[in-house]
Amino acid sequence: MDRSFKTGSRAKPYRAPRLALAITTAIAGLTLSSMTANAAPGAQVSFSKAQTALSKGQVNKAITYAEAAVSADPRNPGYRALLGAAYLEAGRFQSAATSFGDALDLGDENPRTVLSFALAKIALGDSGAAVSVLDEYAQAIDPTDLGLALALAGQPERGMHVLVNAVRSAEQTTPKLRQNLAYTYALAGNWRAARVMAAEDVPADQLDARLSQWASMSAPEMFQQRIAALLDVTPRADSGQPQQLALANFPGQTMLAAVSAEEAATDVAMGEATPLKIAYVAPTPTPVAQPAPGTAFAQAFAASEPSASGIRYVSNPVVQELPTRAAPAASRVAAASPQRRMAPAATPAPAPIASDKAAGTHLVQLGSYSSKLEAERGWNMLKAKFPQLKDHKPVITEAVVNGRNFWRVAAAGFGPKSAQSMCGTVKSSGRGCFAYAASAPPAGGVKRDVQMAARSR
């Protein structure tokens, strides 16, 4: 897909890529550089085929192969990120948000995964979750991308502040930076500044058309249309990724041992008869076929540095553009899937909390992590997913279970009824949770609680 326009007084046209943000470069392509030694061979093959199909624009094939890779190796964050990229390219925002979120939960810290997750959440109308994760990883994200992402998430003033500072500190501004700032001005309603900045790169005979496109999607309720136009995708009805791929079906073995021991101890303390049990379902790799040759992807991509997960993302620098949409390609029409689909993993509505006379006597444990840093990050993700936790203080405690150290994340400030209600909400989303009295904490705790201070934004 080739779109060009002139910049400044140069006669040579500047080719604008089809994506506005490096946010979306996860969709553009992924290259397998190296995998862990214990990765399933079938998963690697499926992953490689998914990359090839996605690079050729064969989105439905890419989804099939990426789902097979995740099924064969469900706790590989790189496979989850690629699956999210394929879903996003198909306009399946709910599935994309779930897959990118799973990748983050598994330890993927690549800014592109973070930004892609934020875009998918914005398209679903969940700007709160998008802003939360953008704030969490703000120091790792290119300001050129962060500023426009914040503006798209409904905070154009913050986006302008980030981008203006980037312009001031840059030795030489890029078309991408200028155009992202111009679009952010437009989203903030400052059309005069938007015109002046956009004119730096857009020819005079195309300027009015550019501003008209921005104006046509400037209303707050047009959040999904803005993201779809930005990605050049067609939104599709989406009930979520296949149920059998849900991350909750594949807890880590060490986590299973920790949760089992903790819940058993808690059940004894609280007198509960039946502890929560998590059944591990062994994944069955989906058979995959070699994709048929197709037209090569029109965009050239420059490799970026490998991520910690062994995956490296590839993309060109990108400049904000909202082109006139072409008719959807035949490859974007999804074949009916025989797989059973899971319900959308949207943030649950706040559950009614019963009044507790003894409020503050109980805590709700939400997870166990292998390090304090992961526990702190996990709390921020949980708080974004469950707004009910906003007014509760996090308690992070170190514990030793079966000879291994874990950091437990709990929320304080509940009474016995409200703690059980909160756990019901958490469990309904497929996550583990249990409540306990402050006077009877789970066994194995090391006597040095760590209270996490609230972060300034």
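Which residues of α8 meet which residues of α9? In the predicted model described here, local features need pLDDT of at least 70 and side-chain atom pairs count only at pLDDT 80 or more, whereas totals for chains, interfaces and linings use all residues. Residues are numbered from 1 along each chain as its sequence is written, and side-chain values use heavy atoms, with hydrogens and water left out.

The answer lies in a contact (heavy atoms within 4.5 Å) to which α8 contributes Pro143, Thr144, Leu146, Gly147, Leu148, Leu150 and Ala151, and α9 contributes Pro156, Arg158, Gly159, Val162, Leu163 and Ala166. By class, these residues are nine nonpolar, three polar and one charged; Ala, Val, Leu, Ile, Met, Phe, Trp, Tyr, Cys and Pro count as nonpolar, Asp, Glu, Lys and Arg as charged, and the others, Gly among them, as polar. Helix α8 spans residues 143-152 and helix α9 residues 156-169, and the two pack at an angle of about 165 degrees with their axes 7 Å apart. Helix α8 is therefore roughly antiparallel to α9, a term for angles over 145 degrees. Axes are lines fitted to C-alpha atoms, for helices over the stretch in contact, and angles run from 0 to 180 degrees between N-to-C directions. The crossing of α8 and α9 is left-handed, meaning that the near helix is turned anticlockwise from the far one by less than a right angle; clockwise gives a right-handed crossing.

Helix α9 also packs against helix α10 (residues 175-187), where the axes come within 9 Å and cross at roughly 155 degrees. These two helices are therefore roughly antiparallel as well, and α9 passes α10 in a left-handed crossing. From α9, the contact draws on Pro156, Gly159, Met160, Leu163, Val164, Ala166 and Val167, and from α10 on Leu177, Asn180, Leu181, Thr184, Tyr185 and Leu187. Ten of these residues are nonpolar, three are polar and none is charged.

A further helix pair is formed by α7 (residues 127-136) and α15 (residues 372-385), packed at an angle of about 165 degrees with axes 9 Å apart. Helix α7 is thus roughly antiparallel to α15, and their crossing is right-handed. Here Ala129, Ser132, Val133 and Glu136 of α7 meet Arg377, Asn380, Met381 and Ala384 of α15. This contact has four nonpolar, two polar and two charged residues.

Over the chain, the secondary structure comes to 16 helices and ten strands; helices (H or I, at least four residues) and strands (E, at least two) are DSSP runs, numbered from the N terminus. Strands β6 (residues 362-369) and β9 run antiparallel and are joined by four bridges, at least two being needed for DSSP strands to pair. Buried means under 20% relative accessible area (1.4 Å probe, protein chains only).

Of the 457 residues of the chain, 51% count as buried. In helix α13 (residues 223-231), the buried residues include Arg226, Ile227 and Leu231; just after α13, Asp232 takes a positive phi of about 60 degrees. Thr425, found in helix α16 (residues 416-428), counts as buried because its relative accessibility is 6%. Thr425 and Phe386 lie 39 residues apart in sequence and 8.5 Å apart in space, C-alpha to C-alpha.

Technical notes
Buried < 20%, exposed > 50% of the residue type's maximum accessible area, 1.4 Å probe, protein only. Parallel < 35°, antiparallel > 145°, perpendicular 65-115°, else oblique.
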